[in-house]
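Open the structure in your viewer and keep the selection tool at hand. The stops below follow one after another.

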Amino acid sequence: MNPDEFVTTLNNQSLPISNRKMVLFQTYLEFLLEYSKKVNLTAIKEPKDIWLKHFYDSLTPLLYLPDMNKKASLIDIGSGAGFPGVPLKIVNQKFQLTLLDSLQKRIAFLDQLIDKLNLKNVETVHGRAEDFAHNLNYREKYDFAIARAVSNTNTLLELLLPFVKVGGKIILMKTVHVESEIYGASKALEELGGRVSQSFSFELPNDDPRVLITIDKISSTKKRYPRKAGVPEKSPIGGKHD
Ligand SMILES: C[S@@+](CC[C@H](N)C(=O)[O-])C[C@H]1O[C@@H](n2cnc3c(N)ncnc32)[C@H](O)[C@@H]1O
């Protein structure tokens, strides 16, 4: 996907990207490639792949979830080189965004990126989701929590749901839809205060399959969750499902 195709494809789906926003995406791409020469940030290094697999893919929640086009607080757990949080913020500048990652070198990149793009109302947090979810400045404070390529579904439920207010939503961005994973999540949902809301299966313009799963936060998460760092991954509530 080249930059023109990126704009046209999104525009055809009623998501217009202004020239000013395209300058931000271009700056992001150049800085990501330059920084990647010294620090491992992404396996994807071809510009056309970055436009499709990082930028376009990160924006797909805006195509399916109209609520995400509004003013809202959003936390991106395991944001890595900023995906999906930074592209979402470039397009919807009304987001109050937190980018959380356990790797300091990625947070250092994100701090410089935010500065370069001059993005406002963005905070980076270096740490594990398991720890920050118990910090009262972050617990049950967000309208949305999102994660792409971080862990299996049951683990993600435990990492994300504690950050979301009752009435908010979590969004899981996945490459395959395993029916069993969501049915297998009923125990985790009950413990954590979630209820499956919607799931959208679609393809990227290159035919790669994608699934967005949204979960509503319907009651407060029990205080004991998330468990200690590493435990949600090692023994997810209700067992392991991709
Ligand atoms: C495969 S990368 C994906 C990065 C980005 N979301 C993307 O889609 O390109 C997973 C990231 O999650 C972070 N991560 C994994 N477990 C975490 C946890 N428990 N708390 C915070 N960050 C975590 C890792 O440091 C890594 O940067």
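Start with helix H1, residues 3-12, in this predicted model. Select Asn2 and Asp4 at the start of the helix. A side-chain oxygen of Asn2 comes to within 3.0 Å of the backbone nitrogen of Asp4. Now move past H1 to Ser14. Its phi is positive, near 65°.

Next, the salt bridges. How many does the structure hold? There are 12.

Select Asp57 and Arg210. Their side chains form a salt bridge, with N to O at 2.9 Å. Asp57 belongs to helix H3 (residues 47-64) and Arg210 to strand S7 (residues 209-217), so this pair ties together parts 153 residues apart in sequence. Are these two buried or exposed? Asp57 is buried, at 4% relative accessible area. Arg210 is buried too, at 13%.

Go on to Arg128 and Glu130. They form a salt bridge, and their closest N and O atoms are 2.9 Å apart. Arg128 is partly exposed, at 37% relative accessibility. Glu130 is buried, at 5%.

Return to strand S7 and pick Lys217. Glu140 sits in the loop between helix H6 (129-132) and strand S4 (142-148), so the bridge to Lys217 in S7 ties together parts 77 residues apart in sequence. Lys217 is buried, at 2% relative accessibility, whereas Glu140 is partly exposed, at 21%.

For the last stop, select Lys187, Glu191, Lys222 and Arg224 together. Salt bridges link these residues in a network.

How values were computed:
Residues numbered from 1 in each chain as written. Predicted model: local features only at pLDDT ≥ 70, side-chain atom pairs only at ≥ 80, totals over all residues. Heavy atoms only, no water. Polar contact = N/O pair within 3.5 Å; in protein donor to acceptor, adjacent residues only side chain to side chain. Helix = DSSP H or I, 4+ residues; strand = E, 2+ residues; numbered from the N terminus. Salt bridge = Lys/Arg side-chain N within 4 Å of Asp/Glu carboxyl O. Buried < 20%, exposed > 50% of the residue type's maximum accessible area, 1.4 Å probe, protein only.
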